[in-house]
Amino acid sequence: MGILEKIAEIEREISRTQKNKATEYHLGLLKAKLAKYRAQLLEPSKSAGAKGEGFDVMKSGDARVALIGFPSVGKSTFLSLMTSTESEAASYEFTTLTCIPGVITYKGANIQLLDLPGIIEGAAQGKGRGRQVIAVARTADVVIMMLDATKGDVQRELLEKELESVGIRLNRPKPNIYFKPKKGGGLSYNSTVPLTQCSEKLVQLILHEYKIFNAEVLFREDSTPDEFIDVIVGNRVYMPCLYVYNKVDQISIEEVDRLAHRPNSVVISCGMKLNLDYLLEQLWEDLALICIYTKKRGERPDFGDPIIMRRGASVEHVCHRIHRTLASQFKYALVWGTSTKYSPQRVGLTHIMEHEDVIQIVKK
């Protein structure tokens, strides 16, 4: 019995089992087995096949965004519109067969946009180069899920299921669970909140499935067995996702309104170039990037070439970005902008910068 058959068998068993107090241990065990088999499926086979065309693209720019969607939803048209790269677009499926990179220049930042081949149902099992596509998506900072507005919510559910099964968690925070395997001493289990979905017995059963008998587990929130399994496996990727509904010029205005009001959703039309500027604003928000301008003593700030950092970056991060030795020679910095109480404010290395701040660094 192959891994795929075992996975299908467990999925059938889970769908057959009623969810109640009596079956929760059984379901927890089945979910642990399912996660284990899926992890085996993702591991590359030991026997190296014939070398094919390279798929992954070198990371460049300040952030990386992956375009994921079914064939013929307008990914290549979107890439050609947003960047100077031409990606072949046609009205038949699988026009794009490999990963095509482009660069969006927005607010001084270079954002790398990857046009990936269309995903089909069963991609997680390797259908239609699905595994390589999903592996590239794991390296992105944000996923843009391109959906056809005329197809309803079917595409969205299928794609979420495919990404979920390979360990990509969309728009979800990391579970607040402390887990540490130990050499001996059995299982130490604690929780700081009342748990309604997990119990000590269930945690023990799941750990035994992974051959872990000595560990320290602390729940800091009311988590599900699935989230606990994610923490044990440890290779899950938590990333923001923008659901972009394309071809809105082909549906009714009521439907457009319904889709636009859903969380993390943007409606656009690549054919008529509608709402693309709002999509870029949302993308900037999700990437959590900020621009910081530098200033030399006695001169005007250099607004032409900003330093692009992540939200929450400190003065020390800015120093490292300018030059690696600058932080060791740092005396103080003068900052103008929204992060200060008054302008200019004299600050140290730990000061947190905000969008469009101006900084002047004084060395020892």
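Biologist: In which loop does Pro344 lie?

Modeller: This is a predicted model, in which local features need pLDDT of at least 70 and side-chain atom pairs count only at pLDDT 80 or more, while totals for chains, interfaces and linings use all residues. Residues are numbered from 1 along each chain as its sequence is written, and side-chain values use heavy atoms, with hydrogens and water left out. Helices (H or I, at least four residues) and strands (E, at least two) are DSSP runs, numbered from the N terminus. On that numbering, Pro344 sits in the loop between β14 (330-336) and β15 (345-347).

Biologist: Is the peptide bond from Ser343 to Pro344 cis or trans?

Modeller: The omega angle decides this. From Ser343 to Pro344 omega is near -10 degrees, and the bond is cis.

Biologist: How many helices and strands are there in the protein chain, and what percentage of its residues is buried?

Modeller: The protein chain contains ten helices and 16 strands. Buried means under 20% relative accessible area, exposed over 50%, and partly exposed in between (1.4 Å probe, protein chains only). Of the 364 residues in the protein chain, the buried share is 45%.

Biologist: Why does Thr192 count as exposed, and which residues is it in contact with beyond four places in sequence?

Modeller: Thr192 is in the loop between β7 (187-191) and α6 (200-209). Thr192 counts as exposed because its relative accessibility is 55%. Its C-alpha atom is separated by 7.6 Å from that of Leu218, 26 residues apart along the chain. With neighbours within four places left aside, the contacts (heavy atoms within 4.5 Å) of Thr192 are Leu218, Phe219 and Arg220.

Biologist: What is phi of Lys107 and of Asn264?

Modeller: Lys107 is in the loop between β2 (100-106) and β3 (109-115) and is partly exposed at 41% relative accessibility. Asn264 is in the loop between α8 (253-260) and β11 (265-267), and it is partly exposed, with a relative accessible area of 34%. Each has a positive phi in a residue other than glycine. For Lys107 phi is near 50 degrees, and for Asn264 it is near 55 degrees.
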